[in-house]
Amino acid sequence: MGNIEIQTSSLPSDDPSLALSTIEILRRADAMGLIERRITHLDESTVQDLEMDMVKAGIDDGKRCSNLNDNHKQNPAPLSKRLEKINNLLKHCPMPEYEWQNLNGILELELLARLVGISQSRAQSYLTGSSRTPKTVADRLHYLSFVVTDLAGSYNNTGIQRWFDRKRTLLDGRTPAQMLGECWLPNDEGARRVQALSHALTVFPVT
């Protein structure tokens, strides 16, 4: 992860929230392992390219992959809705064949296996594709992709790894890894609290 380093923008809108939304979506797609190129500029083709990446990964059927028309320059609503749909697709479409590789490069296999609640040997078989990732594990992996997205703005890979095993006052003195436990689901209270803590880093520093 780390392909998103936006320096300039020429999105067809004066609404700064659209640029921020686009960057957040790109970072999520990058954390999922869907983006292999470095992106430094935001424009119409950036959104188009992301949609095509999603098509190639099997997330989108391609029906929305059409160029923005001139009306978007005066009205940000169409682009805003388009981004909302993209975000929802990313949020609800685990892609373990991509996410294993990407998260393994950030968290390393021992920690990644522990966080998703499986043995390191089982994680290795999923990572290499010799075994199919079960839905429950894929959902946990997808959740971790989004948490890591939040952390990446404040930590390098080593810092992200350590974050999961540091005790937090806002988690009642427990570590994020302890809050997740072994047989967790993304909608569990502990998982929601961990994600709220990581997401707070995108607003203001909370460690």
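# Close-up views of a predicted helical chain

**Figure 1. Aspartate 172 and arginine 193 meet in a salt bridge**. Their side chains come together at 3.1 Å, N to O; a salt bridge here is a side-chain nitrogen of Lys or Arg within 4 Å of a carboxyl oxygen of Asp or Glu. The pair links distant parts of the chain, 21 residues apart, with aspartate 172 in the loop between H9 and H10 and arginine 193 in helix H11. Aspartate 172 is exposed at 59% relative accessibility, while arginine 193 is partly exposed at 26%. For these labels, buried means under 20% relative accessible area, exposed over 50%, and partly exposed in between (1.4 Å probe, protein chains only). A note on what you are looking at: this is a predicted model, in which local features need pLDDT of at least 70 and side-chain atom pairs count only at pLDDT 80 or more, whereas totals for chains, interfaces and linings use all residues. Residues are numbered from 1 along each chain as its sequence is written, and side-chain values use heavy atoms, with hydrogens and water left out.

Figure 2. How far apart are the closest N and O atoms of glutamate 110 and arginine 114? They are 3.5 Å apart, and the two residues, four apart in helix H6, are separated by about one helical turn. Arginine 114 also forms a salt bridge with aspartate 165, with the closest N and O atoms 2.9 Å apart. Arginine 114 lies in helix H6 and aspartate 165 in the loop between H9 and H10, so this pair ties together parts that are 51 residues apart in sequence. Glutamate 110 is partly exposed at 44% relative accessibility, as arginine 114 is at 36% and aspartate 165 at 39%. The count for the model comes to eight salt bridges.

**Figure 3. Threonine 175 sits in the loop between H9 and H10**. Is threonine 175 buried or exposed? At 5% relative accessibility, threonine 175 counts as buried. Leaving out residues up to four places away in sequence, threonine 175 touches Phe164, Asp165, Arg166 and Lys167; contact means heavy atoms within 4.5 Å.

**Figure 4. The largest nonpolar core holds 34 residues**. A nonpolar core is a set of buried Ala, Val, Leu, Ile, Met, Phe, Trp, Tyr and Cys residues joined through side-chain atoms within 4.5 Å. Trp100, Leu107, Leu144, Trp163 and Phe164 touch the most other members. Two or more residues come from each of helix H5 (96-107), helix H6 (109-116), helix H7 (120-128), H8, helix H9 (157-163), helix H10 (176-180) and H11, and H8 gives the most, with seven. Beyond its neighbours within four places in sequence, leucine 144 is in contact with Leu103, Leu112, Leu115, Val116, Phe164 and Leu180. A second, separate core of 24 residues includes Ala19, Ala29, Val47 and Ala57.

**Figure 5. The buried residues of H7 pack against H5 and H6**. Which residues of H7 are buried? They are Ala123, Ser125, Tyr126 and Leu127. Glycine 129 follows H7 and has a positive phi, near 85°.

**Figure 6. The largest pocket has a volume of about 470 Å³**. Of the 18 residues that line this pocket, Lys91, Tyr143, Pro186, Asn187 and Gln195 are the closest to its centre. The elements that give two or more residues to the lining are helix H8 (135-152) and helix H11 (189-200), and H8 gives the most, with seven. By class, the lining has six nonpolar, six polar and six charged residues (Ala, Val, Leu, Ile, Met, Phe, Trp, Tyr, Cys and Pro count as nonpolar, Asp, Glu, Lys and Arg as charged, and the others, Gly among them, as polar). A pocket is an open set of points on a 1 Å grid over the protein atoms alone, where a 1.4 Å probe fits, with protein on both sides within 12 Å along at least five of seven lines; lining residues have an atom within 4 Å of a point. Grid points are joined across faces, edges and corners, and the volume is the space filled by probe spheres set on the points.

**Figure 7. The protein chain has 11 helices and two strands**. Helices (H or I, at least four residues) and strands (E, at least two) are DSSP runs, numbered from the N terminus. Along the sequence, the pattern is β-α-β-α-α-α-α-α-α-α-α-α-α. Buried residues make up 46% of the 207 residues.
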